[in-house]
Amino acid sequence: MTPRVVRREARAKINVFLRVLGAREDGYHELESLVVPISLSDVVTVEPAEALRVEVEGAAELAGEGPGGLNLALVAALALADACPDAAGALIRIQKRIPVAGGLGGGSADAAATLHALNELWGCDVDPATLAGMGEHIGSDVPAMLVGEPVLMTGRGERLAPVACAVLHWALVDLGFGVRSPDAYRWWDENGARTGPDPDALLAAAAGGDPAALGPLLFNDLEAPVVARHPAIGEATARLLAAGALGAVMSGSGSSVVGLARDEDHARALAAAVEGTPVVGPTAGGG
Ligand code: ATP
């Protein structure tokens, strides 16, 4: 029997590295990134209802029609409904814990969790490749979040290859403000910012689970142009390193910063020193 309430964890992601290769004709940027799901998550539940509706708990800025427009979970629901003859109304509830516009892919995570949850609730049986195609139109990170495992992302985010990444411990600093992704890429263009190194050594260290080797290799090409406008991000990475992090890097287009720890206890100690949160990742996805 079809369950009447379906619940999914919508895991945040971090970018262990993010390399911007250049601007494209279509306005997007060509990039390369190791994207891993972490233990911080929103919770998405869906249940039958008269109409399609989203309720958000825990993020005032997402309640109602914010300046950001439609909730990505609703965009996802509409996309799936189009492809599913059995689609009906649904109440989509999101318990928001992932900072909004924090570079942690929260909106994309909610969209991916909603696609999985409604696919089950409505019995659509839409296959993973078709879901990924829908995800691509909803947001650059949605296909990666649908996979829910570490991926090497290329293109503008739509090309994904599964990649080995050991479980690592991090201290995450939420700076309490958001950075719009289009702004971060525009600042990279304006600053003639750099393209980071070939990631082979970093990928080997991540796969081998060697945080001491990985720490100094973390990088994000968006970091310098974003820090130039938001010095608080640079101060947070400096605080993490001063507290003993093996490396520290901004995630995605910011503002969140993660510091790499030796192990779980070290992550707790780092988080306490910088008023952050210990997280672990990658974790198994909520998909
Ligand atoms: P990314 O790292 O994928 O670029 P992000 O983590 O920086 O994304 P999100 O939290 O995913 O940013 O959201 C970016 C914008 O999308 C927000 O400013 C918000 O207005 C809009 N948005 C729509 N739906 C959601 C949602 N469910 N959760 C968060 N933001 C949402």
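Trainee: Which helix gives the most residues to the shell around the ligand?

Mentor: Helix 2 does, with 4 residues in that shell. Before we go on, keep in mind that this is a predicted model, so treat each number here as computed from it.

Let's start with the shell itself. There are 20 residues around the ligand, and the ones that come nearest are Ala101, Gly105, Gly107, Asp141 and Ser181. Sort the shell by residue type and you get 7 nonpolar, 9 polar and 4 charged residues.

Now zoom in on some atoms. Gly107 uses its backbone: a polar backbone atom of Gly107 is 2.7 Å from an oxygen atom of the ligand. Ser181 uses its side chain instead, with a polar atom there lying 2.7 Å from an oxygen atom of the ligand. For Leu72, look at the backbone again, where an N or O atom lies 2.9 Å from a nitrogen atom of the ligand. As for how covered the ligand is, taken alone it exposes 620 Å², and the protein buries 81% of that.

Next, stay with helix 2, which covers residues 106–121, and follow the chain onward. The loop between helix 2 and helix 3 (128–138) holds Cys124. Its partner is Cys84: the two form a disulfide, with their sulfur atoms 2.3 Å apart. A disulfide is a covalent bond between the sulfur atoms of two cysteines. The structure holds 1 disulfide. Cys84 sits in the loop between helix 1 (72–83) and strand 4 (90–95), so the pair, 40 residues apart, links distant parts of the chain. The torsion about the S-S bond is about -90 degrees, and that is why this disulfide is left-handed.

Are these cysteines buried or exposed? Buried counts as under 20% relative accessible area. Cys84 has 5%, so Cys84 is buried, and Cys124 has 14%, so Cys124 is buried too.

Finally, go from the loop of Cys84 into strand 4.

Key. Residues are numbered from 1 along each chain as its sequence is written. This is a predicted model: local features need pLDDT of at least 70, side-chain atom pairs count only at pLDDT 80 or more; totals for chains, interfaces and linings use all residues. Side-chain values use heavy atoms; hydrogens and water are left out. A disulfide is a pair of cysteine sulfur atoms within 2.5 Å. Helices (H or I, at least four residues) and strands (E, at least two) are DSSP runs, numbered from the N terminus. Buried means under 20% relative accessible area, exposed over 50%, partly exposed in between (1.4 Å probe, protein chains only). A residue is near a molecule or strand if one of its heavy atoms lies within 4 Å of it. A polar contact is a pair of N or O atoms within 3.5 Å; within protein, one must be able to donate a hydrogen and the other to accept it, and residues adjacent in sequence count only if both atoms are side-chain atoms. Accessible areas come from the Shrake-Rupley method with a 1.4 Å probe; for residues, only the protein chains shown count as cover. Ala, Val, Leu, Ile, Met, Phe, Trp, Tyr, Cys and Pro count as nonpolar, Asp, Glu, Lys and Arg as charged, and the others, Gly among them, as polar.
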